Amino acid sequence: YKTSVGSDDLVERVKNDDDGSRYVMVPMVDQGAKGYCVAATVERILRYYGSNIDQHVIAKLAESDSTRGTSLNKIVDALEGNQAKLGIRFKQLYRYEDLESVNDFKKLCNNYNSLARRTKDKKLELNDYTFVVDKVKYLDYGSLMKSLNFDIFRQLREKDRRGSRAFFDEVHGSIDDGIPLCWSTFIFPAVDKSSSDFGMHMRIITGYNTKTGDIIYTDSWGAGHEKKVMKAEDAWGITVNLIALEPRHKNSR
């Protein structure tokens, strides 16, 4: 399963179009009906590096579920624990950590409501998204996120200028080196027209536009999804994780 392409060879794969697009082309793999977007993403990147691994091997390593998909924490553990076996170096370049506790969600609601007042949008009430089982209170994360106005959420994300700058710096540097990136995102119907519901998804950043800053990416959904474009502010607004899988050796020549 090891990669056979070295990092020094990858720069030659970077394409530059007259419209400012700078990108690489990654082999397409269709994740199919199973929730294997993470496994398919990893397979595609490793095949780009010359590996013959397939998503079913990766899904097994990460204990993927055909209905619920793959836990990001499990795939991180699987990739970190199998770097030598797969011939890669794992690097987590960015992680959105602002929604990992109840206090984080309270802060989100307060900040969201401050902006919602200005636009006369509906306020968020955290208690509307909680439920009790055996006297234990739980947060319905999906329902809360589904109810957000993405324009307001994007404005909140734009306030993190340091995180945004670091994210785009990592994207530009990696693509310039010919390295595509695993990109874990929220799915908001306002951005992803192919979906009518909120969710989570992993896709691949394959490039960016040097003139507009737009992000070039691909989804593992088969033909027609090889090269897609998203506005920079939308791409940052939906970003959850950014991961680099790099070849372990310098070159293959």
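Student: Which residue in S10 does Trp183 stand opposite?
Tutor: Trp183 stands opposite Leu242 in S10, where strands are DSSP runs (E, at least two residues) numbered from the N terminus. This is a predicted model, in which local features need pLDDT of at least 70 and side-chain atom pairs count only at pLDDT 80 or more, while totals for chains, interfaces and linings use all residues. Residues are numbered from 1 along each chain as its sequence is written, and side-chain values use heavy atoms, with hydrogens and water left out.

Student: How many bridges join S6 to S10?
Tutor: S6 and S10 (residues 239-247) run antiparallel and are joined by 5 bridges; two strands pair if DSSP finds at least two bridges between them.

Student: And how many to S7?
Tutor: S7 (residues 199-209) is joined to S6 by 7 bridges, again in an antiparallel arrangement, and the bridge partner of Ile187 in S7 is Gly199.

Student: Is S6 mostly covered or exposed?
Tutor: S6 (residues 181-187) is mostly covered, with 7 of its 7 residues buried, meaning under 20% relative accessible area (1.4 Å probe, protein chains only). Leu181, Trp183, Thr185 and Ile187 point one way, whereas Cys182, Ser184 and Phe186 point the other way. In a regular strand the side chains alternate between the two faces of the sheet.

Student: Switching topic, how many disulfides are there?
Tutor: A search of the whole structure finds 0 disulfides, a disulfide being a pair of cysteine sulfur atoms within 2.5 Å.

Note on methods:
Buried < 20%, exposed > 50% of the residue type's maximum accessible area, 1.4 Å probe, protein only. Helix = DSSP H or I, 4+ residues; strand = E, 2+ residues; numbered from the N terminus.
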